[in-house]
Amino acid sequence: MIVTLIIACEVGFWVLLAAGLALRYLAKMPRLGAAVLLCEPLLELVLLVVTTLDLKNGAEPDWKHGLAALYIGYTVAYGHYTVKWLDGHAAHRLAGGPKPPGAGYGKARAVHEWKLWLRTVVAAAVALGLLQAAIAYVGDAGDVSSLRAWQFAALRAVGIHALVAAAYTIWPKKAPAADAA
């Protein structure tokens, strides 16, 4: 059930995002579109409550609970960023707004990548906190090795993303020749 709910939350995120942007820019109803976009955090709240209830009702902690924690952490850190990014592109494409700036090249791109890495740190911190709370809640009553494995997965993601950001710092992305002229 948890995996189905995670999938439903992800699908719901994109449905609400598409509906919110369509209302804002195609239907010319910006307030209603904004209200729909503000409903997205409710999906993660539902996932958190259902996951907690699942553990409370005696479910053995396993990979599904860990995945739910990482998903919630990711949406906390990247959800608003994704909505804002897509909103800028929708405003440009659908409402004639200015073209959103890209990540850039060179030092600007490296700074952008490090900012994304900080989001990954936030995502991991949220996931680690939720996982640790679940471990404390279950206590000695169950096997929490799966939850601990997800904690290490979150830390690995932070480390891998740091390597990506460092690569952009050490080997900066160069502007295409046409842009350089």
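The chain holds 7 helices and 0 strands, where helices (H or I, at least four residues) and strands (E, at least two) are DSSP runs numbered from the N terminus. This is a predicted model, in which local features need pLDDT of at least 70 and side-chain atom pairs count only at pLDDT 80 or more, while totals for chains, interfaces and linings use all residues. Residues are numbered from 1 along each chain as its sequence is written, and side-chain values use heavy atoms, with hydrogens and water left out.

**Overall layout**

- Read from the N terminus, the order of elements is α-α-α-α-α-α-α.
- The C-alpha trace spans about 65 × 45 × 20 Å along its principal axes.
- Of the 181 residues in the chain, 36% are buried; buried means under 20% relative accessible area, exposed means over 50%, and partly exposed lies in between (1.4 Å probe, protein chains only).
- Among contacts with a separation of 6 or more, 74% join residues 24 or more positions apart; a contact means heavy atoms within 4.5 Å.

- A19 lies in helix α1 and is partly exposed, with a relative accessible area of 32%.
- The C-alpha atoms of A19 and G73 are 24 Å apart, and 54 residues separate the two along the chain.
- K28 sits in the loop between α1 and α2 and is exposed, at 58% relative accessibility.
- The phi of K28 is near 55°, a positive value in a residue other than glycine.
- In α2, the buried residues are G33, V36 and L37.
- These residues of α2 cover an arc of only 100° around the axis, which puts them on the same side of the helix; the arc is that of the directions from the helix axis to the C-beta atoms.
- R31 and L38 are exposed residues on the face of α2 turned away from its buried side.
- The buried residues of α2 pack against α1, α3 and α4.

**Helix α3**

- Helix α3 covers residues 40-56, 17 residues in total, and reaches 25 Å from its first C-alpha to its last, close to the 24 Å expected at 1.5 Å a residue. The expected span is 1.5 Å times one less than the number of residues.
- Its buried residues are E40, L43, E44, L47, V50, T51 and L55.
- Seen down the axis of α3, these buried residues fall within an arc of 135°, so they line one face of the helix.
- The face of α3 turned away from the buried side carries the exposed residues P41 and K56.
- Partners of the buried residues of α3 are α1 (2-26), α2 (30-38), α4 and α5.

**Packing of α4 with α5**

- Helix α4 (residues 63-95) and helix α5 (residues 106-138) pack at an angle of about 145°, and their axes are 8 Å apart. Axes are lines fitted to C-alpha atoms, for helices over the stretch in contact, and angles run from 0 to 180 degrees between N-to-C directions.
- The crossing of α4 and α5 is right-handed: a crossing is right-handed if the near helix is turned clockwise from the far one by less than a right angle, and left-handed if anticlockwise.
- On the α4 side, the contact residues include H65, G66, A69, L70, I72 and G73. On the α5 side, they include H112, L116, R119, T120, V122 and A123.
- By class, the contact has 15 nonpolar, 5 polar and 1 charged residues. Ala, Val, Leu, Ile, Met, Phe, Trp, Tyr, Cys and Pro count as nonpolar, Asp, Glu, Lys and Arg as charged, and the others, Gly among them, as polar.
- The 33 residues of α5 should span 48 Å at 1.5 Å a residue, and its end C-alpha atoms are 48 Å apart, which agrees.

**T120 and H161**

- T120 is found in helix α5 and counts as buried at 10% relative accessibility.
- Not counting residues up to four places away in sequence, T120 touches Y78, A157, V158 and H161.
- H161 lies in helix α6 (residues 145-170) and is buried, with a relative accessible area of 16%.
- With the sequence neighbours up to four places away left out, H161 touches Y78, E113, L116, W117 and T120.
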